[in-house]
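Student: I would like to go through the terms used for this structure and check each one against its cut-off.
Tutor: Then let us take them one at a time.

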Amino acid sequence: MVHLLSIENLTITPVNAPNRKLVNRVSFSIEPGKTTCVVGESGSGKSLTALSVMGLLSDQLNRASGKVEFQGRDLAKLSADEMRQIRGRQIGMIFQEPMTSLNPVLTIGYQIGEPLTVHLGLKGDALKAKVANLLEQVGIPPHRANSYPDELSGGQRQRVMIAMSIACQPAMLIADEPTTALDVTVQAQILSLLNDLKQTMNMGMLLITHDFGVVADVADHVVVMFRGDIVESGSVADVLGKPKHPYTKALLDCVPDAEGRKPLKPIDYAWLNDEKVS
Amino acid sequence: MGEFVLKARDLNKSYIQRSGRFGFGTTKVKALDNVSLDLKHGSTLAVVGESGSGKSTLARCLLQLQPLDSGSVLFQGRDLAELPAHELREQRRHLQMIFQDPFASLNPRMRVGEIVGEGLLIHRLGNQEEQRERVVQMLKRVGLSEADMLKYPHEFSGGQRQRIGIARALVLNPKVVVCDEPVSALDVSIQAQILLLLKELQQEMALSYIFISHDLRVVRHVADEIAVMYQGKIVERGAIDDIYRSPSQEYTQNLLKSIPGQRALALSN
Ligand SMILES: Nc1ncnc2c1ncn2[C@@H]1O[C@H](COP(=O)(O)OP(=O)(O)OP(=O)(O)O)[C@@H](O)[C@H]1O
Ligand SMILES: Nc1ncnc2c1ncn2[C@@H]1O[C@H](COP(=O)(O)OP(=O)(O)OP(=O)(O)O)[C@@H](O)[C@H]1O
Ligand SMILES: [Mg+2]
Ligand SMILES: [Mg+2]
């Protein structure tokens with residue numbers, strides 16, 4: 001069976017420390033119309049995995065092993081030009097820190113419009129209308145197309161990234177913590193927008209998040225990462241309902257409750273290490 | 001000194017935004033519309049509200065990082081706008097900010113040890129040896145290590161960068177910290193660790209926090225009082241338990257209703 005995206009045996013190391021495995025033999029796949037959530041420790045390799053799929057790893061990092069196939073094509077074998085065609089058109093990406101990927105000297109309207117011009121040839125009034133429509137979909141008044149990134153709030157920047165990433169209706173969306181700066185009402189609006197794309201366009205989604213509320217609401221499949229390894233993966237019901245790995249159990253124990261009754265308690269890593277973590 | 005460490009009176013701030021079909025028109029938008037608040041000594045005031053409602057603007061204006069159109073901010077009874085420059089610089093050490101966008105707020109050309117230690121150097125707190133020791137201790141308390149001192153911001157993950165910003169603010173033993181989404185990029189374990197650290201420091205040093213967050217579960221755990229912002233105004237405020245039990249504004253009710261995963265997580269617990 002051909003997956004929408006399959007990652008096989010992906011290992012990432014710093015160029016100058018080839019034995020330090022930031023991502024260690026990671027494998028999983030994404031299916032059309034389904035959402036896979038990647039959760040796990042801060043620093044466990046979630047963003048590097050996503051960046052590596054997009055071919056955007058920094059040159060200080062090295063993909064030591066692994067194969068990434070998108071719709072059956074090995075992405076490493078594509079030319080730079082072919083990869084550019086896929087990026088933004090077939091695969092949309094929402095980066096974890098919006099300011100690192102928005103250009104500070106271009107208006108947000110221009111930046112949302114760019115993929116539409118490059119990939120779909122939209123120009124003039126048709127382009128303007130489409131940009132306005134995308135802004136509306138993410139809850140930003142269309143006249144803000146004239147604003148520059150530093151004139152927007154944190155959550156508005158995040159939504160500009162979201163608008164850019166879905167502009168060309170990609171077959172797959174990689175979203176790295178896409179709603180961290182959004183209040184829950186706007187977050188609900190964005191998640192429902194993404195869900196619509198999933199249902200109407202059969203878009204597959206790789207969603208990285210720390211928010212187990214979001215995982216419970218949108219995931220079909222869950223992958224748990226810990227120190228570069230995948231320690232557990234399965235259906236959302238299994239991973240949240242019947243976690244097997246001690247790290248997953250410990251992490252779920254830390255989820256704060258809405259009533260504020262459960263005391264805050266971080267993971268006791270000493271205990272976790274004894275409890276056999278490979 | 002009184003019960004309140006920080007008082008803000010009638011803060012107003014507008015932005016001019018380009019508008020119209022070709023961007024030649026302008027409109028004035030009120031990001032802060034007569035906002036007043038009082039922060040009790042040693043307590044935590046949460047500020048929640050819609051994306052774009054003016055929370056970060058409030059944060060920057062409270063700390064004089066951005067000029068107000070009108071209104072005043074009193075820190076320990078003194079109007080910050082009227083302090084002479086050298087005194088404001090002096091007071092800055094006591095008024096710290098954890099920024100919403102960690103990457104943008106960290107100088108990419110400085111090593112983490114320098115970033116976190118810079119304030120100690122500027123305010124001449126301790127000798128070189130003591131400064132280094134304080135930086136190391138603070139990095140450890142936020143879950144980073146001594147070896148991280150020599151690295152640059154781009155060598156870290158998003159959540160690790162957020163913790164560098166937290167360490168930089170807390171290492172100075174400030175009196176007031178304005179935290180703008182301080183734990184939004186952290187896994188729930190590190191999040192608990194940081195929230196406990198904030199509480200510990202609060203007890204040790206009677207620190208006061210303004211805690212901006214969109215996560216109402218987190219807010220419930222850390223705040224004594226809460227203020228809800230909507231379109232530049234504070235529309236509701238009160239003791240945390242009262243607001244969660246019986247929110248009076250429709251927007252607040254919607255916020256509480258929209259916490260994701262309530263049904264599914266309730267089932268699995
Ligand atoms: N350029 C780099 N050089 C060396 N180490 C790096 C570099 N970039 C990232 N790392 C390290 O790789 C590890 C994985 O980083 P990654 O950004 O994938 O984490 P993450 O799972 O996304 O974490 P978070 O939830 O905090 O965003 C981290 O420990 C980080 O410090
Ligand atoms: N420099 C600026 N020029 C024009 N408008 C601005 C500027 N900075 C902020 N704004 C606007 O002012 C409003 C308030 O922004 P602010 O950053 O304070 O919101 P926020 O409550 O922090 O939102 P978020 O939760 O999304 O971070 C927003 O609509 C924003 O677009
Ligand atoms: Mg990350
Ligand atoms: Mg903000």
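Tutor: We start with A:Thr36, which lies in strand β3 (residues 35–40) of chain A; helices (H or I, at least four residues) and strands (E, at least two) are DSSP runs, numbered from the N terminus. This is a predicted model, in which local features need pLDDT of at least 70 and side-chain atom pairs count only at pLDDT 80 or more, while totals for chains, interfaces and linings use all residues. Residues are numbered from 1 along each chain as its sequence is written, chains are lettered from A and ligands numbered from 1 in the order in which they are written, and side-chain values use heavy atoms, with hydrogens and water left out.

Student: Why is A:Thr36 called buried?
Tutor: Buried means under 20% relative accessible area, exposed over 50%, and partly exposed in between (1.4 Å probe, protein chains only). A:Thr36 has a relative accessible area of 3%, so it is buried.

Student: Which residues is A:Thr36 in contact with, leaving aside its neighbours within four places in sequence?
Tutor: Contact means heavy atoms within 4.5 Å. By that rule A:Thr36 is in contact with A:Phe28, A:Ser29, A:Ile30, A:Met205, A:Leu206, A:Leu207, A:His221 and A:Val223.

Student: What makes B:Met229 count as buried?
Tutor: B:Met229, in strand β9 (residues 225–230) of chain B, has 0% relative accessibility and therefore counts as buried.

Student: Why is α4(A) called roughly parallel to α6(A)?
Tutor: Helix α4 (residues 108–120) of chain A and helix α6 (residues 154–166) of chain A pack at an angle of about 20°, with their axes 8 Å apart. Because of that angle, α4(A) is roughly parallel to α6(A): angles under 35 degrees count as roughly parallel, over 145 as roughly antiparallel, 65 to 115 as roughly perpendicular and the rest as oblique. Axes are lines fitted to C-alpha atoms, for helices over the stretch in contact, and angles run from 0 to 180 degrees between N-to-C directions.

Student: Which residues make that contact?
Tutor: A:Ile108, A:Gln111, A:Ile112 and A:Pro115 of α4(A) meet A:Val160, A:Ala163 and A:Met164 of α6(A). They divide into 6 nonpolar, 1 polar and no charged. Here Ala, Val, Leu, Ile, Met, Phe, Trp, Tyr, Cys and Pro count as nonpolar, Asp, Glu, Lys and Arg as charged, and the others, Gly among them, as polar.

Student: What makes α4(B) oblique to α5(B)?
Tutor: Helix α4 (residues 112–122) of chain B and helix α5 (residues 128–141) of chain B pack at about 125°, with axes 9 Å apart. That angle makes α4(B) oblique to α5(B). The contact residues on α4(B) include B:Val112, B:Val116 and B:Leu120, and those on α5(B) include B:Arg134 and B:Leu139. The contact divides into 6 nonpolar, 3 polar and 1 charged.

Student: Which residues of α4(B) are buried?
Tutor: B:Val112, B:Gly113, B:Ile115, B:Val116, B:Gly117, B:Gly119 and B:Leu120 are. They pack against α5 and α6 (158–170) of chain B.

Student: How do you know that helix α10 of chain A is mostly covered?
Tutor: In helix α10 (residues 246–253) of chain A, 6 of its 8 residues are buried, among them A:Tyr247 and A:Leu251.
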